[in-house]
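Take a look at the model below, with its ligands in place.

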Amino acid sequence: MTKTILITGATAGFGQAAAKRFAGGGWGVIGTGRRGDRLRALADELGDSFLPLEIDMRDFDAVATLADLSSPWGDIDLLLNNAGLAPPTTPLPDTDWERIGQVIDTNITGLVALTRALLPKLIARQGHIINLSSVAATYPYKGGAVYAGTKAFVRQFSLDLRCDLAGTGVRVTSVEPGMAEPEFTIVRTGGDTAASDKLYAGMNPMTGDDLADLFWWLANL
Ligand code: NDP
Ligand code: 8X3
């Protein structure tokens with residue numbers, strides 16, 4: 001039986017690498033994101049293993065309709081709650097309110113809306129939820145308050161959900177990576193590649209493929 005994964009934020013970084021890894025491993029992959037051109041490019045590359053869904057995590061009604069999604073491979077076995085972003089590391093009063101709202105709505109509310117919508121079927125399937133938190137959930141840094149707060153939410157949500165789901169057979173994993181490849185920071189800085197280069201100078205950040213290997217290992221335990 002083909003297993004099915006739903007990956008939020010499959011248009012870049014960890015999510016895109018995971019889509020390729022799971023499709024390559026014989027899973028059916030449902031990949032979401034706002035950038036339709038990137039989703040179509042991935043669909044061209046992955047063929048029948050990939051179902052693209054252009055959806056904004058902040059459209060909570062649209063997210064909730066995914067409860068009724070029927071995929072070519074059957075119900076979802078693994079929800080990879082990966083879509084996320086950070087506001088700039090400017091002091092809070094100087095940070096644009098819309099950017100803050102976008103981050104909270106995506107990283108927290110959209111994630112909860114999707115998880116809630118899919119849970120009945122995930123329970124029926126004895127499935128798995130992998131949530132992307134971050135080291136930022138635990139280790140503070142200047143300018144991180146909103147982003148780190150959202151990731152602390154995701155970490156705690158995972159721990160508590162694990163209690164709620166004990167006995168159902170559904171597994172919940174919180175993944176808390178350190179600094180990884182830079183598209184995330186290019187988005188964070190509003191396209192300032194020089195600032196991103198400076199932040200990553202002299203280090204060897206994890207790649208999307210590193211994270212995809214981790215997700216694959218978790219899924220197959
Ligand atoms: P990227 O910026 O490379 O990718 C982020 C993905 O999230 C994109 O596919 C983007 O798709 C999607 N996304 C963002 N906002 C929305 C939205 N409103 N609706 C739908 N999709 C959205 O980031 P990474 O791959 O590096 O990060 C993935 C996850 O891992 C995030 O949750 C991040 O917080 C976390 N993380 C990242 C680390 C890093 O250093 N890179 C370290 C620790 C955790 P699109 O723009 O097409 O909508
Ligand atoms: C992303 C890692 O250290 O840039 O979650 O906050 S960090």
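This is a predicted model: local features need pLDDT of at least 70, side-chain atom pairs count only at pLDDT 80 or more; totals for chains, interfaces and linings use all residues.

Residues are numbered from 1 along each chain as its sequence is written, chains are lettered from A and ligands numbered from 1 in the order in which they are written, and side-chain values use heavy atoms, with hydrogens and water left out.

Start with the largest pocket. A pocket is found on a 1 Å grid over the protein atoms alone, as an open set of points with protein on both sides within 12 Å along at least five of seven lines. Grid points are joined across faces, edges and corners, and a volume is the space filled by probe spheres set on the points. The largest pocket holds about 1100 Å³ of space. Its lining counts 45 residues, with G84, L85, Y147, F184 and T185 nearest its centre. Lining residues have an atom within 4 Å of a point. Two or more of them come from each of α1, β2 (28-33), α4 (97-125), α5, α6 and α7. Helices (H or I, at least four residues) and strands (E, at least two) are DSSP runs, numbered from the N terminus. The most come from α6, which gives five residues. By class, the lining has 21 nonpolar, 16 polar and eight charged residues. Here Ala, Val, Leu, Ile, Met, Phe, Trp, Tyr, Cys and Pro count as nonpolar, Asp, Glu, Lys and Arg as charged, and the others, Gly among them, as polar.

What takes up this space? Ligand 1 does: the space it takes is the largest pocket. A molecule sits in a pocket if more than half of its atoms lie within 2 Å of its grid points. Around ligand 1 there are 29 residues, and the closest are T11, R34, N82, Y147 and A180. A residue belongs here if one of its heavy atoms lies within 4 Å of the ligand. Helices α1 (13-24), α5 (145-164) and α6 (183-188) each supply at least two residues of this shell. The shell divides into 12 nonpolar, 10 polar and seven charged residues.

A polar backbone atom of N82 is 2.8 Å from an oxygen atom of ligand 1. For a backbone N or O atom of G9, the distance to a ligand 1 oxygen is 3.1 Å. For G84 it is 3.4 Å, again from a backbone N or O atom. The protein covers 97% of the 880 Å² of accessible area that ligand 1 has on its own. Accessible areas come from the Shrake-Rupley method with a 1.4 Å probe.

Ligand 2 also sits in the largest pocket. Side chains make the contacts here. Polar side-chain atoms of S134, Y141 and Y147 each lie 2.6 Å from an oxygen atom of ligand 2.

A cavity is a set of points where a 1.4 Å probe fits but cannot get out. There is one cavity of 30 Å³ or more. The largest cavity holds about 50 Å³. L66, L69, D75, I76, L118, K121 and L122 line it. Five of these are nonpolar and two charged, with no polar residue.

End at helix α7 (residues 193-200). At its start, a side-chain oxygen of D192 reaches to within 3.3 Å of the backbone nitrogen of A194. Just after α7, G202 takes a positive phi of about 75°.

Terms used. A polar contact is a pair of N or O atoms within 3.5 Å; within protein, one must be able to donate a hydrogen and the other to accept it, and residues adjacent in sequence count only if both atoms are side-chain atoms.
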